Amino acid sequence: MLRSMFTAISSLNLHQSYLDVVANNLANANTIGYKTSRVLFQDQFYQMLNPGSGPAANLGGTNPTQVGLGVKTGYISPIFTQGALQATGRNLDLAIQGDGFFVYDQGAQRRYSREGSLTLDSAGILVNASTGLRVQGWMVNASGVVDTNLPPGNIQIPQNRTIARATQNAIFGGNLSADALVGDSVDTTMGIYDSLGQLHTATVTFTRTGANTWSWAATAPAGAAGNGTITFDANGHYASSTGSVLSVPGSAGANPINATLDLTSLTMLSAPTSTAVTSQDGLAAGSITDVYITPNDGAIFLVYSNGMREQVGQIAVARFTNPAGLIHTGYTMFQQGLNSGDPQIGAANSAGRGAIAAGYLEGSNVDMAQEFTNMILAQRGFQASSRVITTSDEIIQELVNLKR
């Protein structure tokens, strides 16, 4: 009788642990990045009553006789199935779609998490909004390239940077009048930017030189250079040209402007002259207005008020051969375990690592219907084991009563 009571006690303890896991799963049903846990039961050791015997010449073999001595916890393990992606509309909220973890710095021991609600601290470093741990990644090097083969580090976003772009290309459009006489000319002004974002006004003079030809030349400002010819066909459409680079001195400290002129949209028809610059790719100086993280690869860009974008870094993602071997540390964080394998850190959406979804957070993967079913199973298992103890007690009581 005592053996059955102690066996039932082991079951009571295990079902209590089972209920603890269920309760924790349900408590974290709305925790961002949480991964549900499951409990595996294993039978405990057995008492050998009879080892059995093998077949003999005139007698068959017998099987062993054993009595089980209860149940124990096999293991409690997280299940890393994908949680639902919840749209937040905030670009610094990130989720991983697929395998992998965000990497956070915590001194000597890194932390890994599926929770990617990021923000900037007062120093401009990208951190986890709830814990303050610094997310790891790579900054661009001096050549403006991200080298994901290097060890990841902190990502610091510049706060007061401004940027400009010199004009490199300009497109002319409109008409050069076919009614103009040879020797007639027309001036077209255009605004172009130097490398410091300073706007310069340049003048290009078009002069008719033949029945189907015009020449162009830079005539302002002082020091401007560049000239060429344009040939039209009998239909007044662009046929060919020579010379295409307009050079203008930059402001103090800036490089000279060397803009390539695209003249292919010009026409020569019997209509008034209407030449103009339809577009140019230079930009005035702009300040930072936003930090933008691209979907899939997690590249980090600065967005400027003049419309320019500049990459400054990239988010790192780690994957493990056995993520179930990671150790929970709280705050939906994990640390490397003895059986998890080493972290394989690299760019998102590469080498088996999942893609980054910007503007989303990954919800908990807890299945509430399954957890309530597990709760019923834990309760019934506990009740059954308590009945065994009650029955064993009643039998022992009957044995005691035999003395009377």
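Which residues in α2 are buried? They are Glu-371, Asn-374, Ala-378, Gly-381, Ser-385, Ile-389 and Ser-392, where buried means under 20% relative accessible area, exposed over 50% and partly exposed in between (1.4 Å probe, protein chains only). Please keep in mind that this is a predicted model, in which local features need pLDDT of at least 70, side-chain atom pairs count only at pLDDT 80 or more, and totals for chains, interfaces and linings use all residues. Residues are numbered from 1 along each chain as its sequence is written, and side-chain values use heavy atoms, with hydrogens and water left out.

- Helix α2 covers residues 368-401, 34 residues in total, and spans 49 Å from its first C-alpha to its last. That is close to the 50 Å expected at 1.5 Å a residue, the expected span being 1.5 Å times one less than the number of residues.
- Helices (H or I, at least four residues) and strands (E, at least two) are DSSP runs, numbered from the N terminus.

- Helix α1 (2-27) is included in what covers the buried residues of α2.
- Asn-374, found in helix α2, has a relative accessible area of 13% and is buried. Leaving aside residues up to four places away in sequence, Asn-374 touches Tyr-18 and Val-22 (contact means heavy atoms within 4.5 Å).
- The axes of α1 and α2 come within 9 Å and cross at roughly 160 degrees. The two helices are therefore roughly antiparallel to each other, a label for angles over 145 degrees.
- Axes here are lines fitted to C-alpha atoms, for helices over the stretch in contact, with angles running from 0 to 180 degrees between N-to-C directions.

- Trp-214 is found in strand β17 (residues 213-220) and counts as buried at 1% relative accessibility.
- Ala-220 and Pro-221 are joined by a cis peptide bond, with omega about 0 degrees. Pro-221 is found in the loop between β17 and β18 (227-232).

**Backbone angles worth a look**

- Most residues other than glycine have a negative phi, and most peptide bonds are trans.
- Tyr-331, in the loop between β26 (327-330) and β27 (333-335), has a positive phi of about 60 degrees. Tyr-331 is exposed, with a relative accessible area of 69%.
- Thr-332 lies in the loop between β26 and β27, and its phi is near 55 degrees. Thr-332 is buried, with a relative accessible area of 18%.

Note on methods:
Angles under 35 degrees count as roughly parallel, over 145 as roughly antiparallel, 65 to 115 as roughly perpendicular and the rest as oblique.
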